[in-house]
Amino acid sequence: MLNYIWGGLIVSSLAFALVSDIGDFSSDRYRNGSPLPVSVSFDEGYDPSARLQNVTVRIAAQAFSDHFHVDQSADSEWTGTLLQTDEGRELRFAYEAAVPEPLETICAHTGRGDCRAALDGQPTEEVWAAGVVFRPVRWVKMNAIASAALDFAETAVTLALGLIGGLGLWMGLLKIAEASGLLYALIRLTQPAIRLLFPKVPRNHPALGMIVLNLTANMLGLGNAATPLGIKAMQELQTLNPTDDTATDSMVMLLAMNTASVQLVPPVLLVAIMGLQINQLFFSIVITTALSLVVAIAAARLLGCLKRFRLSS
């Protein structure tokens, strides 16, 4: 089901991006190929033989508004450089210059941290009235979604690699505890408390052991390791269920506790993301998850006593 949700979100976002980009094309939002009027002043006078020269670029508010069909209340001015080659002249705004929209989007898609445009007109020694033509900007929204997808895919791989160490450590400890008998001692120790929460499960039933393992994995922050244990516990509880389409009180209680389990050890995912800084959140995590567990148990018990919630549709 979750795959269908993700698929629907991706398709809907791509459809939205396509409609938005088509709207940009029809309105010529980025004025592809049209020169933007600017005035260029040279800090040390114009030198036709110099390859690079420092300049100051000024765009009048009215010219900017007329060109992009947006409101611009004041004239804008930036520093930059003029590059002269055999292929022509190129104007480069200062690195990461704060430019207004839609010029900011144009710069992001045509420069490398700086805003670049071809420059025409006739230079003078002091001020150069010219027009700048930026490289065409197309498919802005589609490119943004594709870039975000690749970035999150990279993040997912990084997190997955970070999880391997933590999962390997705790799964190894659980295996050692099982081989040494410590795990079964823990089950026997916790059975009195577990039976208070699951009174309809017979003593020494395999479901109790799976429940303890599932809750222990959750407390140790092993969400991925707790999932198969929780599924196995549900399968064992289903053997005590007289129906196939209705959850028992024990199954509801396990699901509630599993969802709001106390975290004595920070989750592996947060450890992979935050590193040692996770220690600052230890007490907050314990207090919050303890309160959520109390609420979950109370809700499962109280609602289970009401006829309205016991009836299945």
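**Reading the model**

Guide: With -70 degrees about the S-S bond, the link between Cys-107 and Cys-115 is left-handed. This is a predicted model, where local features need pLDDT of at least 70, side-chain atom pairs count only at pLDDT 80 or more, and totals for chains, interfaces and linings use all residues. Residues are numbered from 1 along each chain as its sequence is written, and side-chain values use heavy atoms, leaving out hydrogens and water.

Visitor: What makes the link of Cys-107 and Cys-115 a disulfide?

Guide: The S to S distance is 1.8 Å. A disulfide is a pair of cysteine sulfur atoms within 2.5 Å, so the pair qualifies. A search of the whole structure finds one disulfide. Such a link is a covalent bond between the sulfur atoms of two cysteines.

Visitor: Are Cys-107 and Cys-115 buried or exposed?

Guide: Both Cys-107 and Cys-115 are buried. Buried means under 20% relative accessible area, exposed over 50%, and partly exposed in between, with a 1.4 Å probe and protein chains only.

Visitor: Why does Cys-305 count as exposed?

Guide: Cys-305 has 64% relative accessibility. The cut-off for exposed is over 50%, so Cys-305 counts as exposed. Of the 313 residues of the protein, 34% count as buried.

Visitor: How many helices and strands are there?

Guide: The protein has 11 helices and six strands. Both are DSSP runs, numbered from the N terminus: helices are H or I with at least four residues, strands are E with at least two.

Visitor: What makes residues 206-219 a helix of the expected span?

Guide: Helix H6 has 14 residues and reaches 20 Å from its first C-alpha to its last. The expected span is 1.5 Å times one less than the number of residues. For H6 that expected value is 20 Å, and the reach is close to it.

Visitor: How do you know that H6 is mostly covered?

Guide: In H6, 12 of the 14 residues are buried. Among them are Leu-208, Met-210, Ile-211 and Asn-214.

Visitor: Why are S3 and S4 called paired?

Guide: Two strands pair if DSSP finds at least two bridges between them. S3 and S4 have six bridges, so they pair, in the antiparallel sense. Thr-85 of the pair stands opposite Gly-88 in S4. A hairpin joins S3 to S4 through two residues.

Visitor: What about S5 and S6?

Guide: S5 (residues 116-119) and S6 are antiparallel and have two bridges. The rule asks for at least two, so they pair as well. Leu-119 stands opposite Val-132 in S6. S6 (residues 127-133) is also joined to S1 (residues 36-42) by six bridges, again antiparallel. There Val-38 has Ala-130 as its bridge partner.

Visitor: What makes a set of residues a nonpolar core?

Guide: The members are buried Ala, Val, Leu, Ile, Met, Phe, Trp, Tyr and Cys residues, joined through side-chain atoms within 4.5 Å. The largest such core has 28 residues, and Leu-103, Leu-119 and Phe-134 have the most contacts inside it. S1 gives this core its largest share, four residues. A second, separate core of 26 residues includes Met-210, Ala-233, Leu-237 and Met-253. In soluble globular proteins, nonpolar side chains tend to be buried together.

Visitor: Which residues is Leu-119 in contact with, leaving aside its neighbours within four places in sequence?

Guide: Contact means heavy atoms within 4.5 Å. Leu-119 is in contact with residues including Val-38, Leu-82, Leu-91 and Trp-128.
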